[in-house]
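Student: Could we go through this structure together, beginning with the sheet and then moving on to the aromatic rings and a helix?

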Amino acid sequence: MSQIPASLCLLRLSALGDVTHVVPLIRTLQKHWPQTRLHWVIDKAGHKLLDGLAGVDFHIYDKKSGLAGMRALRRELPAAGFDALLQMQVAFRANVLSGFIPARRRIGYDRSRSKDLHGLFVNERIPDRPGIHVLDAIGSFCEPLGLQQTEVVWDLPVPADAHAWAAAQWPQDGKLVLMISPCSSHARRNWYADRYAAVADHAVQRGWRVVLCGGRSDLERSTADAILAAMRQPALDLVGKDTLKQLPALLARADLVMTPDSGPMHIANAMGTKVLGLHAASNPQRSGPYSDRRYCVDRYDDAARKFLGKPASELKWGSKIEFDDVMALITVEDAIAAFERYAAG
């Protein structure tokens, strides 16, 4: 871009992990162009998490509102439009929604990542770089504008009262904390309650405190209940008790978070907490905790060989292996070994 843009619009509606990945891009844009007005079209849950992000005008799109909501969004946006739209979502609904956002430059994904008519709604594309993390792909949206994302900074907007709430949930007594966030929104990525319980019991026996966290869905409540029922040792149950604003503060209090590929995985990583990621359905090199994957369990290649009949190296980058029982490939011993890698320092 020959001139510094007056305004940019980012479009990324969901999910929580993905909107967390967008924050370093925001920080890159703000660092290089502090005077550029940034707008972000986001969904309700993402906004609850990131409300208060300085220097960003949020525009909330309710996915249930359909075309009427898209028209309402258009009326809300600046009449003059934007210097560029960063269209960071390839789902059909997001592609249609992008058509209601006025911008001269419309930057989208490379052709290998495109689907659902994405190419009809963009006139520029990011570089095609297979083999990179999702966060780095999102970060590359600044490259057609002439910038590079050379550092990754989150600094999520977590209010003081959220940290105070998290601090009040258990005493500061020096015990290390294993936090278990057991559920992804993709059911086939979820591990088993009895296996979580076995790892949790091991942690308690090693002198750790175990804390369960999660949302208010029936699945999260029933999973937590099953874990607690299978445990022989005590655990603190905070499932359904926090808000999305409190969740980052809660994850920040943990020493290690055990979770499948999920929003809390990436929020914990953004808060500086180490993650014991459970990966079989997805590739941790692409969608694991960005900063540190030393404590992840990686059975992605085993899953590729079992369910697809080929090694992971022969799959298209980003392929999901979401089959029934794919997570059975991750054993209790795998997760305890990962826990012990962390405990060993």
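Tutor: The chat below takes up those topics in turn. Please keep in mind that this is a predicted model.

Student: What is the strand order in the open sheet, and is the pairing parallel or antiparallel?

Tutor: The open sheet has six strands in the order β3-β2-β1-β4-β5-β6, and the pairing is parallel. Strands β3 (56–60) and β6 (124–125) are the edge strands, each pairing on one side only.

Student: How many bridges join β5 to β6?

Tutor: Two bridges join β5, residues 103–108, to β6, and these strands run parallel. Isoleucine 107 has glutamate 124 in β6 as its bridge partner.

Student: And which strands does helix α1 lie across?

Tutor: Helix α1, residues 16–32, lies across β1 (7–11), β2 (37–42), β3 and β4 (82–87). The helix runs at about 170 degrees to β2.

Student: Let me stay with β4. How many of its residues are buried?

Tutor: Six of the six residues of β4 are buried, so the strand is largely enclosed by the rest of the structure. Buried here means under 20% relative accessible area.

Student: What joins β4 to β1?

Tutor: Four bridges join β1 to β4, and the two run parallel. For leucine 11, the bridge partner in β4 is glutamine 87.

Student: How many bridges join β4 to β5, then?

Tutor: Four bridges join β4 to β5, again with the strands running parallel. Alanine 84 has arginine 105 in β5 as its bridge partner. The chain crosses from β4 to β5 through helix α4, residues 92–98, and this β-α-β crossover is right-handed.

Student: Changing topic: how many aromatic pairs are there?

Tutor: The count comes to eight aromatic pairs. One of them is formed by tyrosine 295 and tyrosine 342, which are edge-to-face, at 5.3 Å centre to centre with 80 degrees between the planes.

Student: Where in the chain do tyrosine 295 and tyrosine 342 lie?

Tutor: Tyrosine 295 is in the loop between α11 (284–287) and β12 (297–298), whereas tyrosine 342 is in helix α13, residues 332–343. They are 47 residues apart in sequence, so the pair ties together separate parts of the chain.

Student: Is tyrosine 295 buried or exposed?

Tutor: Tyrosine 295 is buried, with a relative accessible area of 6%.

Student: Why does the pair of phenylalanine 307 and phenylalanine 323 count as stacked?

Tutor: The ring planes of phenylalanine 307 and phenylalanine 323 are at 20 degrees and their centres are 5.1 Å apart, so the pair is stacked; the cut-off for stacking is under 30 degrees. Phenylalanine 307 is in helix α12, residues 300–308, and phenylalanine 323 is in the loop between α12 and α13, 16 residues apart.

Student: How accessible are phenylalanine 307 and phenylalanine 323?

Tutor: Phenylalanine 307 is partly exposed at 24% relative accessibility, and phenylalanine 323 is partly exposed at 34%.

Student: Which residues do ring pairs link into a cluster?

Tutor: The cluster linked by ring pairs consists of Trp208, Tyr295, Phe339 and Tyr342.

Student: Last topic: which residues of helix α6 are buried?

Tutor: In α6, residues 160–167, the buried residues are Ala162, Trp165 and Ala166. Seen down the axis of α6, they fall within an arc of 100 degrees, so they line one face of the helix.

Student: What covers the buried residues of α6, and what does the face turned away from them carry?

Tutor: The cover includes α9 (247–253). The face of α6 turned away from its buried side carries the exposed residues Ala160 and Asp161.

Notes:
Residues numbered from 1 in each chain as written. Predicted model: local features only at pLDDT ≥ 70, side-chain atom pairs only at ≥ 80, totals over all residues. Heavy atoms only, no water. Pairing = 2+ DSSP bridges. Contact = heavy atoms within 4.5 Å. Axes fitted to C-alpha atoms, helices over the stretch in contact; angles between N-to-C directions. Buried < 20%, exposed > 50% of the residue type's maximum accessible area, 1.4 Å probe, protein only. Right-handed = clockwise from strand over helix to strand, strands pointing away. Phe/Tyr/Trp six-rings, centres within 6.5 Å; stacked < 30°, edge-to-face > 60°. Arc of directions from axis to C-beta.
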